[in-house]
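Me: I would like to go through the terms used for this model and see what each one rests on. Please set each value against its criterion.

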Amino acid sequence: MSPPQRIAVPDRTRFLERHEHRLLRVAALVGLVVLWEIVTRAGWVRPLFLPAPSAVLEELVDMARSGPLWTHLWASVRRLLWGFGAGATAGVSVGVAIGFFSRAEAVGQPLIAATFPIPKIALLSLLILWLGIGEASKVTVIALGVFFPMAINTYAGVRQADPLLIRAAVAFGAKRWSVIRKVILPSALPMIFAGLKLGAGTALLLLVAAEMIGAESGIGFLVLQSGNLNETTRLMVGLVVLSALGVLSSWSLNRLERLAIPWQNT
Amino acid sequence: MRVIVDRLSKSYRDRSGQNLVALNGIGLTVEPEEFVAILGPSGCGKSTLLNIIAGLLPASSGEVAFEGERRPGQPLTATVFQEFALFPWRTAEANVAFGLEELDIPAAERRARVHRFIAMTGLEGFEGKYPHQLSGGMRQRVGIARALCVEPAVLLMDEPFSALDAQTRTIMMDELLGIWERTRTGIVYVTHNIQEAVYMADRVVVLSRRPGRVLDVVPVELKRPRVDSQLGEPDFLQAVDRIWGLIKSQAKAALLEGRP
């Protein structure tokens, strides 16, 4: 017989641990820019195809100083805000209505199911025909793009509201509007925010598409025009601004979400 | 106020379209300031009965009525739920205030009343916490404060402590009795625990398994205020024995039935 052994129990979950790797996160971003600078400086790629990041930054500062950057940015942001605001408001209202009232559901659900699959870019020509080439058609196409994810997500959020909480509210005397305001809407908030984030991406996509068809201002216009004129550096400025818009909108939506849903993740 | 449940029946249609009788000709009366426990094996429809009394479920036949003097604006019932049913987006304080908001009580009086019941249920210092930051026992204190705060004619409690651990449950039972001694709100208390029913109640209404009907009403002759030491008294043990005798075969049958 072998002598009795003493075996210390090892932690077998070590390989499952996840770390933040903060430094790596920054390094990845900085590394990409540095690599890009090296590739262009070494002359491996012609500046016409890929201008150096330093050149893009220089152009950006230049455009900011002389003004055109702000003109384009403001035109785009205005369209985004109007379209996003209108689409989100309409989407939440319709979503609550079809989620709560069975008659509204009977009317609204098939209509949404039939119109939702149409890519909103395809509607742009029709909207220009109806509303003209001006701001209205651009804002409307963005609003439509935001409306659908908002309506569908809000509807799902409303349907997921805990029946026990609704019953509790009724037990304490809540009527229809109280139930909607005090139980249904707060229950649906996480889904509404998921819809807002989805909608923000769609809005940016449709903004650029709309600005590429018949516009004299806006970041989408800047990108298209610069491409046509082989001004790659200006084009890249447009892309950088679009990226910043996307990052900024998702960051602010995340902040807003944490403020609006304080009972989660605390 | 007095609650009168008169020849009350409730039947459902289940998924296969069969008619299921949940409650069959229930008759009982809860006197003002009385503490009545409704006890039965699982699946006897005791929660259904409570929901019908609360007006949260329609009866198939028979009726529930309230008799006596009602203060203006006083709700007939308020419910304490088994799973607490607190609003996760409201702090403890705002949860307690919910019923008062729906009653359109002015803000100043609302604050005063909320504070009074927060103090009574031992929630001071936890007013600003969200439900998920509270332990089970504290959550149900919020549930009790929310219900008492509207000063209902009758307080309905649906297995209020069955989601709590045994020690917390014992503490909460004594606290509830203490609160009841002070407020003297009539209570209908649903439970499946015989000891709990006998310890708390003036009378225990014993229901049969489905279709639920009243097997017997057992009066509890223990003096109040109730204390732990009474758990060993002959009166207590006799009442427990008598009730267990009534439902033993029923509970066994429910067990073999394989569904709640």
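Me: How many residues make up the contact of chain B with chain A?
Reply: In this predicted model, chain B gives 18 residues and chain A gives 12. A pair counts as a contact if the C-beta atoms, placed from the backbone, lie within 7 Å.

Me: Which elements of chain B give two or more residues to the side that touches chain A?
Reply: They are E5 and helix H2 (92–102) of chain B. H2(B) has the largest share, with 3 residues.

Me: What makes up the side of chain B that touches chain A, in terms of nonpolar, polar and charged residues?
Reply: It divides into 13 nonpolar, 3 polar and 2 charged residues. Gly is counted as polar in this scheme.

Me: Why are H9(A) and H10(A) called roughly antiparallel?
Reply: The axes of helix H9 (residues 219–228) and helix H10 (residues 232–260) of chain A come within 8 Å and cross at roughly 155°. Angles over 145 degrees count as roughly antiparallel, and therefore the term applies to H9(A) and H10(A). Their crossing is left-handed.

Me: Which residues meet where H9(A) and H10(A) touch?
Reply: On H9(A) they include A:Leu222 and A:Val223, and on H10(A) they include A:Leu235 and A:Leu239. The residues of this contact divide into 7 nonpolar, 3 polar and 1 charged.

Me: What makes E5 and E9 of chain B edge strands?
Reply: The 6 strands of the open sheet in chain B are in the order E5-E6-E7-E3-E8-E9, with mixed pairing. Strand E5 (77–80) and strand E9 (214–219) each pair on one side only. From one strand to the next, the twist averages 20°.

Me: Where are the bounds of the two domains of chain B, and how many residues of each are in contact?
Reply: Domain 1 covers 2–17 + 24–76 + 154–257, and domain 2 covers 86–151. Their centres, taken over C-alpha atoms, are separated by 25 Å. In the contact, 14 residues of domain 1 of chain B face 10 residues of domain 2 of chain B. Helix H5 (residues 166–183) of chain B gives the most to the domain 1 side, with 5 residues. That side divides into 9 nonpolar, 5 polar and no charged residues.

Notes: Residues are numbered from 1 along each chain as its sequence is written. Chains are lettered from A and ligands numbered from 1 in the order in which they are written. This is a predicted model: local features need pLDDT of at least 70, side-chain atom pairs count only at pLDDT 80 or more; totals for chains, interfaces and linings use all residues. Axes are lines fitted to C-alpha atoms, for helices over the stretch in contact, and angles run from 0 to 180 degrees between N-to-C directions. Helices (H or I, at least four residues) and strands (E, at least two) are DSSP runs, numbered from the N terminus. Angles under 35 degrees count as roughly parallel, over 145 as roughly antiparallel, 65 to 115 as roughly perpendicular and the rest as oblique. A crossing is left-handed if the near helix is turned anticlockwise from the far one by less than a right angle, and right-handed if clockwise. Two strands pair if DSSP finds at least two bridges between them. Domain bounds come from an automatic or database domain assignment.
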